[in-house]
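Please view the model alongside the text.

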Amino acid sequence: MRITIHRGIDQIGGCIAEICTEKSKVLIDLGHNLPQGDELVEDKMDNPATIEALCEGCDAIFYTHYHSDHVALFHHVPDTVPQYIGPLAKQVMAIQLNHLVHIPGEQEQRQADVARLKSFRTFEAAKPVLVGEDIRITPYFVSHSAADAYMFLIEADDRRVLHTGDFRGHGYLSKGLLPTLRKYIVPQGVDVLICEGTMLNREEKNIVHENDLKIKAVELMRRYKNVFVLCSSTDMDRLATFHAANKQMRCRPFVCDNYQKDLLNLFTETAGKKSPLYAFDHKVYGVERHNEKLYDWMLKEGFTMLVRTSDKYRRWVESLLPQLNPDETVLVYSMFRGYILPAHTAYNPKTKAFVERFPNFEYLHTSGHATTDTLAEVCRTVNPSTAIIPIHREKDSDFASLEIGDELRSRVTTTSQTVDGIEIVVK
Ligand SMILES: [Zn+2]
Ligand SMILES: [Zn+2]
């Protein structure tokens, strides 16, 4: 077996890993480099020739989740290579792509993307898929700031590799993480653990659980009548947090645009059937233009409105704000703080300018990634016999700093080498 980390060993996002045997080959994720600020960064792999070369002899591509730093290069993949993603993730991507089709100048490419996505195959949690002649992949659900995210158990050549994808231990659906590892993955042993390490360098020891965020959201909604929320439109947990909080305000409408409403409807029809938390059915209104009746209601009772930083929202907010009492109006910022910190590499001036329009500002966020404690617990639980390969982490972060004991620490591998007959290649 050969494991190749094409990208992600020393950067967050842009992940691409490959596992192959003599007979078969699979790629895990084909991510684009994360944007810096509001600028798309150059990505030397974002071209058909590079991806076609990478896909040479490839039997399948498996995507852990729909974030662009894991999936965005999918449109360069030759038609002959099957691509797999979770069923709900595929539907979220379809809504996203259809939303982007309307961007002037990009119609042709976007329509091609929509057509390509249609050919994606889907997998089910805990159901193995045979790839090529001798690779078996089993997806297991993980909690992340994207809905329908998975880790993969990859079995081939009598070896077992666990690729975690992006995950966290403090979401609504995180409770299953360690039991899943203990029940389905640990008993037969794991040789190599490929593990994300986004939070290694972040000083967030006391991480807030998504459930505690909900309690804080209710407090804010009691304090402010008019609540604008800036959060990811595809983060199902976070949307559920604010929807549940707004529900406690009883008669306040939960307002968004039709694109966001389409996503909420999708979550309601899928995840909402399994947990009422994801049934977005309490006074939810998707609107595109001025709706007299709804506006009167919003002005009278107050509201929660999901916003984004686009020009449409800027105009929407500009028309609303003069009618609202500034003391009763707040923007709840519920995303990574780096986007609004001028010194941060992720700083986005457009986001900062949007945020500054509001009379009051509150930060209410918790990461989509595992804390150092959770990372250590996962490493100890999986206890891989050959190697821990860290990915999706900052260059100078160090897995060896985790509390995992000397033996596991000695297995942390970030360079090319052959261990126990497994060839590890780090590009
Ligand atoms: Zn990621
Ligand atoms: Zn992600």
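## Two residues with positive phi

R250 is placed in the loop between α7 (236–247) and β13 (254–256); helices (H or I, at least four residues) and strands (E, at least two) are DSSP runs, numbered from the N terminus. Although R250 is not a glycine, its phi is positive, at about 65 degrees. R250 is exposed, with a relative accessible area of 65%; buried means under 20% relative accessible area, exposed over 50%, and partly exposed in between (1.4 Å probe, protein chains only).

D420 also has a positive phi, near 45 degrees, in a residue other than glycine. D420 lies in the loop between β19 (417–419) and β20 (422–426) and is partly exposed, with a relative accessible area of 46%.

## Basis of the model

The model is predicted: local features need pLDDT of at least 70, side-chain atom pairs count only at pLDDT 80 or more, and totals for chains, interfaces and linings use all residues. Residues are numbered from 1 along each chain as its sequence is written, chains are lettered from A and ligands numbered from 1 in the order in which they are written, and side-chain values use heavy atoms, with hydrogens and water left out.

## Overall fold

The protein chain has 14 helices and 20 strands. Its radius of gyration is 22 Å, close to the 22 Å that the globule rule gives for 427 residues, so the chain is as compact as a globular protein of that length. The radius is taken over C-alpha atoms, and the globule rule is 2.2 Å times the number of residues to the power 0.38. Along the principal axes, the C-alpha atoms fill a box of roughly 70 × 50 × 45 Å.

Of the 427 residues, 56% count as buried. Among contacts (heavy atoms within 4.5 Å) with a separation of 6 or more, residues 24 or more positions apart account for 72%.

Donors are N, O and S atoms within 2.8 Å of the metal (3.2 Å for Na, K and Ca); water is not among the atoms, so sites may look incomplete. Four donors count as tetrahedral if all angles lie between 85 and 135 degrees; four count as square planar and six as octahedral if opposite donors are over 155 degrees apart and all others between 65 and 115; anything else is irregular.

The zinc ion (ligand 2) is held by H65 (NE2), H67 (ND1), H144 (NE2) and D166 (OD), at 2.2 to 2.4 Å. Its site is likewise irregular, with angles of 91 to 168 degrees among the 4 donor atoms, and the sequence spacing is H-x1-H-x76-H-x21-D. H67, in the loop between β4 (60–62) and α2 (68–71), and H144, in the loop between β8 (135–142) and β9, are 77 residues apart in sequence, so this pair ties together separate parts of the chain. Both H67 and H144 are buried. D166 bridges the two zinc ions, which lie 3.3 Å apart; D166 and H392 are both buried.

## A loop contact at I12

I12 lies in the loop between β1 (2–7) and β2 (16–20) and is buried, with a relative accessible area of 19%. Not counting residues up to four places away in sequence, I12 touches L34, T198, R202, H392, R393 and E394. I12 and E394 are 382 residues apart in sequence, yet their C-alpha atoms are 5.9 Å apart.

## Aromatic rings

The structure holds 18 aromatic pairs. Rings of Phe, Tyr and Trp (its six-membered ring) pair if their centres lie within 6.5 Å; planes under 30 degrees apart count as stacked, over 60 as edge-to-face and the rest as tilted. F123 and Y150 form an edge-to-face pair, 4.9 Å centre to centre with 90 degrees between the planes. F123 lies in the loop between β6 (121–122) and β7 (129–131) and Y150 in strand β9 (residues 149–156), so the pair ties together parts that are 27 residues apart in sequence. F123 is buried at 3% relative accessibility, and Y150 is buried at 6%. Ring pairs link F62, Y84, F123, F141, Y150 and F152 into a cluster.
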